[in-house]
Amino acid sequence: MNFDYNEEQQLLADSVRRFLEKDYDFETRGKIVASSDGYSPRVWATLAEMGLTGLPFPADYGGFGGGAIDLMGIMEAFGEALVVEPYLPTLMGGYIIARSPQAKSALPAVVEGKLKLAFAHSEKGARYDLSRVKTAARRSGAQWLLEGEKAAVLGAPAAGKLVVSASTPDGIRLFLADKPEVKAFATLDEMRAADIVLESVKAEPLGGDLALIEEVTDFATALVCAEAVGAMKFACDTTLEYLKTRKQFGAPIGSFQALQHRMVDMVIAQEQARSMACLACSKVDSNADARARARAVSAAKIKIADNARHISQESVQLHGGMGMSEELKVSHTFRRLTVLAGQFGDADHHLARFAAL
Amino acid sequence: MDLNYSHEELQFRDEVRAWLAGNLPSDLRDKVSSYSHLSREDLMRWHRILADKGWVAPAWPKEWGGTGWNLVQRYIFEEELGYAGAPPLIPFGLAMCAPVLLRFGTEAQKKRFLPRIYRGDDFWCQGYSEPGSGSDLASLKTKAVRNGDHYAVNGQKIWTTLAHYADWIFCLVRTDANAERRQEGISFLLMDMKSPGITVRPLILLDGAHEVNEVFFDDVKVPLENLVYEEGKGWTVAKYLLGYERMNTGRIGESKRQLAKLKEYCSSLKNDVRFRDRLSRVEVELMALEITNLRFLDRMRRTGQPPGADVSMLKIKGTEIQQALTELMMQAADPAAHDDFSVALRKKYLSMRKTTIYAGSNEIQRNIIAKMTLGL
């Protein structure tokens, strides 16, 4: 039993944190969000230099063979700084490619930071049901062609290639495709996503089926849990700071017991969320059977979703009117936590999944 | 990061588990499991079984009967007791009076009291709360006046758990009404419950059970040698006890047992999504608390720092979970049923409301976290 990061993990997380503090402060981030790309190519290059784009991929392709626990500290730091770089979509795409015959040809560019990816899976109306894929793949001679529509694909505007799920006569399969023209939109939490229309788009089969989609989604959900813990930490820290400095009725508002107890409940919620993020990441890494993994991840996401809502709402409330202002980072953290609470399934979805397992 | 127990820790757990399977009397286990009343004899019988095995006071120094187990082993042991459904070990002697004597007592006091606590010869109770002094403990008024070779004690304690079983009581009393800070005039006294002038009156709680009492002191003579530490330093002693390492504050093992029982018991409701979701949320909260508890333990093990306000967090969450489980249990019962078990679990629901009030109400725990951890 040991809940610390090892030395390597700690060093990497610390250097990511230092980099973000220096080069990804709230003001800089605001400029990146407002830029046409909605992410920073310069930051992306630095992340690649630091080894982040290769972290979870096999050494054969230039990666470091890491797992979810190796990524935890990084995702926490990203959550704290509200990083909008398309890191998670690239990791998800890479996760699938790494388990495919195309690994050798496609993965090195991902590791080097030259190729960003998006996982084009979700479709309108499917909500969180991973098995509902209407997009179809059909054979045309030696070619596979994709037909259908993917919705709100995170990171698609920046991606060079897409990993696409599609139905085939043998069930759902995964494909690698060049990205067609897409029209980007900004998500509630200031990331970029796109709806994608696939009309006879040529694709290479990656193999992989629904089980792999569930696996990569559990992996990403565990990372989202860690990211949420980072965002919760910022929300709690900044609210505590505000309670200590904001004065009303001649006293810091943190001297009022009604607010003290609410602050304490936020901190407890953060600790409980952190515990569940540890559980999710360690189960994802442990080669546990799919059921044990899914159960831990769903349990974690239930807690993260509930506590993300609790902490984000309270952080705005305790800031009073200032919490509503877009000038404060806490309001942007509110947006991120709201999205993270629902990403890859909200609490209701995971309650149903948890109970069914 | 590794959330799993080591091989040695698992072996230890299995050893404890196997011993409990063979040595926890089934009639006691059944009583606990059916929420039945546990008599003084039931409690002491189990105490003595553990004492004979040498496991009744693991945290004590070895010379006084401690096991020498490390923090994690002690935690595992306590969780296994709860999980197995063993009767509770009453903490007033083992985990409250004894640590105080070990830290502040004279050699004579240790020799006189510790072996008897260990063997279960003396049943102890705690005299802290008074009618006007609950959460604001330092406002207590029970007065002890030094008179030759003894103190004369007058006043009243309330909510005194199991005073009607007790041979001894440790009390916070006021020895100096004029101290500058009111905390400074308080002393820690040990009293024989058979002393003339002590009267115990039952206070029946909302579940109809006799568990707590009022204790009245009318010119009770307490020998000076029964003062622990210095006169006027009782608050230091009480504070030490509050920060004393309590591994099982969250009562994870016991709640796991209740959860397993609830899952079995609520099978008729398994298609009720509303009930199912409430149950799942409690289960997830308990999973989170177990890991939080282990995280704190791991940190304590590595830093050597006392747990501080961490214990408050475990108390808040642990008691909320215990209450939620009994509430669901009551809800799962057939509303038309009035067999012994159905009645007992409804009473259990009533009784468990005390958990968020006793041992420092959960509001006081939040005050502690706000002050100690958050600096508010």
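This is a predicted model: local features need pLDDT of at least 70, side-chain atom pairs count only at pLDDT 80 or more; totals for chains, interfaces and linings use all residues.
**Stop 1: a helix in chain A**

Select residues 290-318 of chain A. This is helix α9(A), with 29 residues. Look at its two ends. The end C-alpha atoms are 41 Å apart. At 1.5 Å a residue the helix should span 42 Å, so the model agrees with expectation.

Step past the end of the helix to A:G320. This residue follows α9(A) and has a positive phi, near 60 degrees.

**Stop 2: where chain A meets chain B**

Colour the two chains separately. How many residues does each chain bring to the contact? Chain A gives 28 residues and chain B gives 29. On the chain A side, select α7 (210-245), α8 (257-285), α9 and α12 (347-356); each of these elements gives two or more residues. Helix α8(A) has the largest share, with 13 residues. Colour the chain A side by class: 18 residues are nonpolar, seven are polar and three are charged.

**Stop 3: the domains of chain B**

Move to chain B. Select 7-89 for domain 1, 122-233 for domain 2 and 249-372 for domain 3. The C-alpha centres of domain 1 and domain 2 of chain B lie 30 Å apart.

**Stop 4: two crossing helices**

Select residues 7-23 and 71-84 of chain B, which are helices α1(B) and α4(B). Two packed helices are described by the angle and the distance between their axes. Here the axes come within 10 Å and cross at roughly 35 degrees. The crossing of α1(B) and α4(B) is right-handed.

Show the side chains at the contact. From α1(B), pick B:E9, B:F12, B:R13, B:V16, B:R17 and B:L20. From α4(B), pick B:V72, B:Q73, B:I76, B:F77, B:E80 and B:A84. By class, this contact has seven nonpolar, one polar and four charged residues.

**Stop 5: a phenylalanine in a strand**

Finish on B:F217. It sits in strand β7 (residues 210-223) of chain B. Is B:F217 buried or exposed? It has 24 C-beta neighbours inside 10 Å, so B:F217 counts as buried.

Show what B:F217 touches beyond four places away in sequence: B:T142, B:V153, B:N154, B:G155, B:Q156, B:G197 and B:I198. Pick out B:Q156. B:F217 and B:Q156 are 61 residues apart in sequence, but 5.9 Å apart in space, C-alpha to C-alpha.

Terms used: Residues are numbered from 1 along each chain as its sequence is written. Chains are lettered from A and ligands numbered from 1 in the order in which they are written. Helices (H or I, at least four residues) and strands (E, at least two) are DSSP runs, numbered from the N terminus. The expected span of a helix is 1.5 Å times one less than its number of residues. Two residues are in contact if their C-beta atoms, placed from the backbone, lie within 7 Å. Ala, Val, Leu, Ile, Met, Phe, Trp, Tyr, Cys and Pro count as nonpolar, Asp, Glu, Lys and Arg as charged, and the others, Gly among them, as polar. A residue is buried if 20 or more other C-beta atoms lie within 10 Å of its own, exposed if 12 or fewer, and partly exposed in between; C-beta atoms are placed from the backbone. Axes are lines fitted to C-alpha atoms, for helices over the stretch in contact, and angles run from 0 to 180 degrees between N-to-C directions. A crossing is left-handed if the near helix is turned anticlockwise from the far one by less than a right angle, and right-handed if clockwise. Domain bounds come from an automatic or database domain assignment.
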